[in-house]
Structure formats: C-alpha cells, structure tokens
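Subject: Structure for you to look at

Dear colleague,

I am handing over the structure we spoke about, together with some notes for a reader who has not seen it before. Please look through the model first and then read on.

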Amino acid sequence: MAFPSSRPDRDILRGVLRHRAFRALTLGRSLTFFGNSMAPVVLAFAVLDLGGSAVDVGFVVGARSVSSVLLLLFGGLLADRLPRALVLQGAAASAALVQTGVGLAVLADRAPIGVLLVLSVVQGAVAAVSVPASAALLPRTVPPGELRPANALSRMGINTGMIAGTSLGGLLAAVAGPGWGMVLDGVAFLGAAAAYRLAGRAAAPPSAAAAEPDGHVRAVESAGGTERARPWQDMRQGWREFASRTWVWVVVLQFFVVNAVSAGGIQVLGPAVADATFGRTAWGFVLATQMAGALVGGLLVARSRSRHALRIGVAVVALDALPLVALAESADLALLLMAMFANGIALEQFSVAWDLSLQENVPQETLARVYSYDALGSTLALPLGEMAAGPLAERFGVRPTLLCGVGLVLLVTAGALGSSQVRGLTAGGPVPDEGAAERAAV
C-alpha cells in the first residue's frame with residue numbers, strides 16, 4: 001500500500017480520513033469501545049432483574065475486570081505473533097456471538113446469573129485483546145508524518161463510542177430491557193469485526209525489517225524463516241523492550257499513581273461529595289463535561305506540531321489535581337465543571353502524546369506487548385484506588401484524603417518530568433535506547 005503525500009496543516013484532519021484503512025480501524029475501535037462501555041451497564045440491570053443483589057452485581061461486573069487484567073499480557077503477545085487485524089476480528093466476532101446469544105436468552109428468561117458471569121468474562125477477554133492489538137495496528141494505517149492527528153481522531157472516536165455506549169445502555173435497560181441492550185451490543189461487535197477485516201485488507205503490510213530506536217536494523221521473522229520463540233521468551237522480550245526505555249516505565253509509574261488517585265477521588269469520593277452538595281443529577285453533567293473536554297482536546301492536539309509532545313503531555317497531567325481540589329473545597333458547581341473540562345483536555349493531550357511516542361520509538365514487532373505492559377500497570381491501579389479511597393476518607397476525612405491525592409498527583413508528575421528521557425523525547429525522532437547495548441551483547 002502506497003501512502004499519498006501529506007496535506008497542508010489546515011487540511012490535516014481531512015487528510016488523515018482519506019486513508020481507508022484508518023477509517024475502518026477507527027470505526028472498529030469506536031464500535032468496540034461502544035460495546036465494552038455498554039456491557040457493564042446492561043449486565044448490571046440484567047442481574048438485578050433476575051433478583052440478584054448488589055453483591056451479585058459486583059461479582060458479575062467485577063469478573064470482567066479480573067478477566068481483562070489476567071489476559072492483558074496474553075493479548076499483547078497474541079497481537080505480536082499473529083496478524084493484528086485477524087486477532088481483532090476474532091475477538092469482536094466472539095463477543096458478538098456470545099453477547100447476542102446471551103441477550104436472546106435474557107429476553108426468553110432463560111439466562112441465569114452464571115450465564116451472565118460467563119458473558120462478563122468474555123467481555124473482559126475481548127477488551128484485553130483489543131486494546132493492545134488495535135493501538136499497535138494504527139501505525140500501519142497512515143504515513144508516519146500523520147500519526148499525531150491519526151491518534152487524536154482515533155481517540156475522539158473512542159471517546160464518542162464510550163459516551164454513547166454508557167448512556168444508551170442505561171436508556172435501553174430502562175425502556176426496552178437489558179436483553180435488547182445485549183443484542184444491540186452484539187450487533188455493534190459484529191460491525192466492529194467487519195471494520196477490522198476491512199482495515200486489515202487496506203493496511204500497509206509489515207515490513208521485512210524493522211528499525212530499532214537506536215538506528216540499527218534487525219530482521220523480522222517471516223512465515224518460513226527462523227523458528228519462533230516460545231511464548232514465555234516472547235513475553236520476556238516484550239518486558240525487555242518495556243523496561244529498557246526509562247521514559248516508558250517512568251510514565252507508567254506516574255500513571256499508576258495518577259489513575260489510582262483519580263479512580264478513588266472521582267469515582268468513589270466524588271459521588272459522596274455530590275450527594276452532600278449539588279446533587280446526583282449535576283454529578284452526571286460533571287462527568288459528561290470531562291468527556292466534552294476530551295473531545296475538544298482531541299481537536300487541539302490533532303493540529304499541534306510540537307516536537308516535545310511527551311514532555312507537554314506529562315506536564316499537563318498535573319491538571320488532574322484541579323477536580324480533586326474543587327471537590328475537596330466543596331467549590332461552586334461552575335468551578336468544578338470548568339476543572340473537569342480542563343482535565344478532559346489535558347488527558348487527551350497526554351493520551352495522544354503517549355500513543356505517538358510508543359508508536360514512533362518501539363519496534364513494530366513488539367509494540368503490542370509493550371502496550372499490554374502499559375495497560376496492565378494502569379489497570380492494576382484502578383481497583384487499588386477505588387478500594388483505598390473509602391477507608392481513608394472514613395479514617396482521615398474526605399477533604400484531607402482528596403488533598404493528599406492532589407499532592408500525590410503533583411509529586412509523581414514532577415518526578416516524571418525529572419527524567420531526561422521524558423523531557424528529551426521528540427516527536428518524529430527516537431530517544432537514545434538505554435537497552436540497545438545490552439541487546440546487542442546478547
């Protein structure tokens with residue numbers, strides 16, 4: 001596949017969309033995140049309709065998170081060993097089949113809670129496979145010079161899918177019943193499978209050789225070439241690629257803390273503060289404002305030409321502290337809305353910079369495994385923050401707990417910026433690879 005030359009800056013967004021493979025992949029990712037966002041909502045209501053308790057809901061929905069965490073590394077390995085579009089098709093088609101089947105069983109009143117538990121596990125497995133595979137496939141759908149706007153537009157599609165999935169899931173569960181929500185979810189995954197198939201056909205084929213970040217070139221195994229390493233060896237290779245780059249693991253550590261603080265502060269303590277102040281309805285608008293900020297942030301970063309994208313992205317993560325400060329001080333609702341909007345913009349600046357940095361500086365044949373280690377670090381932090389926030393607030397108070405979270409966000413952000421690799425990484429040019437000498441020796 002030959003890529004057309006880049007368009008002027010003013011047409012950059014339209015220019016990225018001219019690539020059929022990118023359009024198909026973006027549609028597939030949007031539908032996948034739509035389905036993955038709707039699934040927990042309709043599952044929860046299905047459990048309740050069957051007479052289940054809140055504990056049953058937590059058990060069924062929690063099984064999805066456990067499944068995703070356990071299979072993330074396997075998902076990255078699979079996406080590096082097999083054609084990524086094929087992996088995505090298989091995951092989406094499996095989800096479509098199971099989701100539709102369980103939805104029909106729910107409509108026929110023949111779906112016990114055990115069946116819903118199986119569906120939840122399948123959903124977690126699909127998410128574990130889809131996240132690293134789809135992110136690693138994106139660089140093959142656009143020219144290298146258009147990776148930044150491509151990542152921005154792709155994330156805008158993901159955010160739109162998440163918003164639509166969450167809101168439509170609740171609406172369908174209330175109006176038509178959770179069974180119909182599951183059937184629609186199955187249709188969405190079927191559409192995603194078709195989109196991934198088109199993306200795989202239109203994407204540029206993997207090159208016969210991949211350039212290392214230090215400028216050296218190593219051969220990529222062909223189907224009839226050298227014998228493949230065992231899965232455990234492949235996982236170790238992915239870990240070496242992850243750990244040998246200081247800027248990668250430093251930022252993952254930063255977000256391990258930031259995600260834990262945000263999950264506890266926004267998802268757990270936020271509703272409690274809302275109940276005591278401006279109410280639950282307004283809290284829904286607060287969360288929606290953050291997503292609106294993310295969409296605006298995507299438009300802004302798509303047109304950015306900054307060479308130090310990662311440095312800027314890591315720095316603006318400090319704005320994660322704004323909503324926590326507003327909640328801690330029981331700020332006016334308007335101030336909280338502005339804080340969440342700014343936070344949404346900042347998160348998108350970082351997310352695009354992070355994807356761009358990984359795609360430009362990690363070899364394609366190990367990119368999905370590095371993504372899986374990154375996602376694992378971030379996912380593990382969420383339940384830790386959610387479980388710790390409540391007990392800490394009961395022991396020390398909501399305000400001190402939130403302000404402590406503010407301090408942690410600022411501290412780890414300053415620590416990440418203390419890394420010369422984080423500050424020095426430039427878009428369009430690789431950072432010196434600290435592990436190159438070690439790998440060369442091996």
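A salt bridge here is a side-chain nitrogen of Lys or Arg within 4 Å of a carboxyl oxygen of Asp or Glu, and the structure holds 4 of them. Please keep in mind throughout that this is a predicted model.

Before the details, here is the overall picture. The protein has 442 residues, of which 52% are buried, and its secondary structure consists of 17 helices and 2 strands. When contacts between residues at least 6 apart in sequence are considered, 85% of them join residues at least 24 apart. The protein exposes about 19300 Å², and carbon and sulfur atoms supply 67% of that area.

To return to the salt bridges, one of them joins Glu146 and Arg18, whose closest N and O atoms are 3.3 Å apart. Glu146 lies in the loop between α5 (113-137) and α6 (147-175), while Arg18 lies in the loop between α1 (12-16) and α2 (20-49), so this pair ties together parts that are 128 residues apart in sequence. Glu146 is buried, with a relative accessibility of 1%, whereas Arg18 counts as partly exposed at 22%.

Another salt bridge is formed by Glu241 and Arg245, with 2.7 Å between the closest N and O atoms. In this pair Glu241 is buried, at 1% relative accessible area, and Arg245 is buried as well, at 2%.

A further salt bridge brings together the side chains of Glu329 and Arg399, at 3.0 Å from N to O. This pair links distant parts of the chain, since Glu329 sits in the loop between α12 (321-328) and α13 (333-361) and Arg399 sits in helix α15, 70 residues apart. Glu329 is partly exposed, with a relative accessibility of 42%, and Arg399 is also partly exposed, at 43%.

Helix α15, which spans residues 398-417, also holds Thr401. Is Thr401 buried or exposed? Its relative accessible area is 15%, and because buried means under 20%, Thr401 counts as buried. The side chain of Thr401 reaches the backbone oxygen of Leu392 at 3.4 Å. Leaving aside residues up to four places away in sequence, Thr401 touches Leu269, Ala389, Leu392, Ala393 and Phe396.

Next come the aromatic residues. The structure holds 6 aromatic pairs, and among them is that of Trp247 and Trp354, whose ring centres are 5.9 Å apart and whose planes stand at 75°, so the pair is edge-to-face. Trp247 belongs to helix α9 (residues 246-276) and Trp354 to helix α13, so that the pair links parts of the chain 107 residues apart. Both Trp247 and Trp354 are buried, and together with Phe255 and Phe350 they form one aromatic cluster.

Finally, there is a feature on the surface to look at. Val66, Leu70, Leu71 and Phe74 form a nonpolar patch there, with about 380 Å² of accessible area together.

Terms used: Residues numbered from 1 in each chain as written. Predicted model: local features only at pLDDT ≥ 70, side-chain atom pairs only at ≥ 80, totals over all residues. Heavy atoms only, no water. Helix = DSSP H or I, 4+ residues; strand = E, 2+ residues; numbered from the N terminus. Buried < 20%, exposed > 50% of the residue type's maximum accessible area, 1.4 Å probe, protein only. Contact = heavy atoms within 4.5 Å. Areas by Shrake-Rupley, 256 points an atom, 1.4 Å probe, with all protein chains shown as cover. Polar contact = N/O pair within 3.5 Å; in protein donor to acceptor, adjacent residues only side chain to side chain. Patch = residues over 30% accessible without salt bridge, like charges linked within 9 Å, V, L, I, M, F, W, Y side chains within 5 Å. Phe/Tyr/Trp six-rings, centres within 6.5 Å; stacked < 30°, edge-to-face > 60°.
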